[in-house]
Every structure is written in C-alpha cells, then in structure tokens.
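Subject: Structure handover

Hello,

Here is the structure I promised to pass on. My notes follow it, so please keep both open side by side.

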Amino acid sequence: MATVDPAEKRRLFERLSSIREIVFGVQDGVLTTAGVLCGLSGAVSQHSQVALAALASTAAGALSMGAGAYLGARAEAEVLRAELDLVRADAAEKPYTVQEGLLDELCKEGLSRETAFRVVRLLSTAPRALESTAEAKMFGLGGPLLGRPALDGVVMGIAFLVGAVVPLLPYMLITIPCYDLGGALVATALTLFGVGYFEGWLAHRNDRWRSGVRFLAIAMSAAAAGYLIGLAISPLGATAG
C-alpha cells in the first residue's frame, strides 16, 4: 500500500483552497456577461454596440471582482489575525485555561479524560505545539484560515475574465441575428454545466451531473430574466431618441 506523503497532501489542499474563487469567478463571469448580452440584445438593435458594451463590462467586472476578492480576503485576514493575537495574549496570561479548554475539546472528540490529559501534558512540553493545537481545536483558527489575499484577488479576476470570454467570443464571431445570442447562450450553458460537473468530480460525487444541472438552471434563469428586462426598458431608449 502506497504511503501518503503529508507534504504532498498539504500542497494539494493549498491548491484546492482556490477552488472557491475559481468556481465563483467563472460562474459570475459567465452569468454576468450572458445577462448583459441578453439584456442589451433586447434593448439595442446594433450588434457591434452590444458586443462593445459587453466587452467593457467584462473588463470592468474582472477588475472589480479581483479587487473585491483581495479587499475581502485582506479584511477577513486582518480581523482574524487580530482576534488570534487577543487569544494568544490571554493564553500567555492564563496558560491553564488553554490546557483545560484543549482537554475538554479532546474529550468531546472521543478521548477518555485520562488519555486527553496525557496528550495535553505532552503538548505542554512544547508551548508552540500546544498553542497551535489549541487554536485549531478550540477556536478553529490557524494559518490556512487567514488566507492569501493577493492570490485570491488574482485568481478571482482571471477566473471572471475566462468565464466572461465564453459567451462573449461566440457572440462576437457570429454576426447573424438570433444566432449570435443563441451561440452565446449555448456556450454559457455548456460551460456552467462543465463547471458544475468539474466541482462534483473534485468532491468525488457519484451524481456529478446534478451540480451541472444546477449551474445550467441558474444560467438559463439569469439569461431569461436579463432578456425580459431588456425588452421592458427598450421603449425608454426609443423615447430618449
């Protein structure tokens, strides 16, 4: 039986920690651009104007999502780090509270009180090990939870851009009315189904198609709503003209 390399597993978990940004970025990029295309197609008759507006929306959306992900992750990390510093300061003043708290948590996880006591006593010989274990067990705090704001922002921005290109590219290449929007919607549906299926594959689900269908249903609902809104506001453009 092959042994599990802890270092390799750690690197794998670090890579998988960006899945949230990738899935969210691609999904939002596809849906936002498809919604823009559908909405403008219902309100604007010129193909080039719709494509140009969607292209501008794509660029602005990628920058906005990347910046938002960075600022959000940075704010979260700063708040959690400040809370972690308070916990460590309190533990330095009252080390027995950390030992008692960790003892209780280990007992809750199934260890007998005698065994948990031996574990805590052993960890107490290495203060750093006791501190990190207590933070993880008692408060759910740790290094990975603090995140990587810069990486999160870059991944989110790129994922949004990739997702946005999916419906935009066929719309720009196909200039025949109705077929251009149809091609964009087909690309949107296939991409979101693929993203959902991929997420199910990463999660080792047997019913991976359910995730794909869920993404597909959201895409079609957003696209239909955007198109109807565009039709509703089209008289306003005619009045302004």
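Helices (H or I, at least four residues) and strands (E, at least two) are DSSP runs, numbered from the N terminus.

A word on the source. This is a predicted model, where local features need pLDDT of at least 70, side-chain atom pairs count only at pLDDT 80 or more, and totals for chains, interfaces and linings use all residues. Residues are numbered from 1 along each chain as its sequence is written, and side-chain values use heavy atoms, with hydrogens and water left out.

The chain has 241 residues, and 32% of them are buried. Buried means under 20% relative accessible area, exposed over 50%, and partly exposed in between (1.4 Å probe, protein chains only).

Helix packing

Two packed helices are described by the angle between their axes and the distance between the axes. Take helix H2 (residues 19-43) and helix H7 (residues 149-173): they pack at about 35 degrees, and their axes are 7 Å apart. Axes are lines fitted to C-alpha atoms, for helices over the stretch in contact; angles run from 0 to 180 degrees between N-to-C directions. The crossing of H2 and H7 is right-handed. A crossing is right-handed if the near helix is turned clockwise from the far one by less than a right angle, and left-handed if anticlockwise. What kinds of residues make up the contact of H2 with H7? There are 15 nonpolar, 6 polar and 3 charged. Here Ala, Val, Leu, Ile, Met, Phe, Trp, Tyr, Cys and Pro count as nonpolar, Asp, Glu, Lys and Arg as charged, and the others, Gly among them, as polar.

Links across the sequence

Glycine 157 lies in helix H7. Its relative accessibility is 12%, so glycine 157 counts as buried. Glycine 157 and serine 64 are 93 residues apart in sequence, yet 7.7 Å apart in space, C-alpha to C-alpha. Methionine 65 sits in helix H3 (residues 47-93). Methionine 65 is buried too, at 17% relative accessibility.

Helix H6

Helix H6 (residues 127-139) has 13 residues. From first C-alpha to last, H6 reaches 17 Å, close to the 18 Å expected at 1.5 Å a residue. The expected span is 1.5 Å times one less than the number of residues. Which residues of H6 are buried? They are Leu130, Ala134 and Glu135. These cover an arc of only 130 degrees around the axis, so they lie on the same side of H6. The arc is that of the directions from the helix axis to the C-beta atoms.

Aromatic pairs

The structure holds 2 aromatic pairs. Rings of Phe, Tyr and Trp (its six-membered ring) pair if their centres lie within 6.5 Å; planes under 30 degrees apart count as stacked, over 60 as edge-to-face and the rest as tilted. Phenylalanine 193 and tyrosine 197 are stacked, at 6.4 Å centre to centre and 25 degrees between the planes. They are 4 residues apart in helix H8 (residues 179-202), so about one helical turn separates them. Phenylalanine 198 and tryptophan 201 are also stacked, with 5.8 Å between centres and 25 degrees between planes. Both lie in H8, 3 residues apart.

Best wishes
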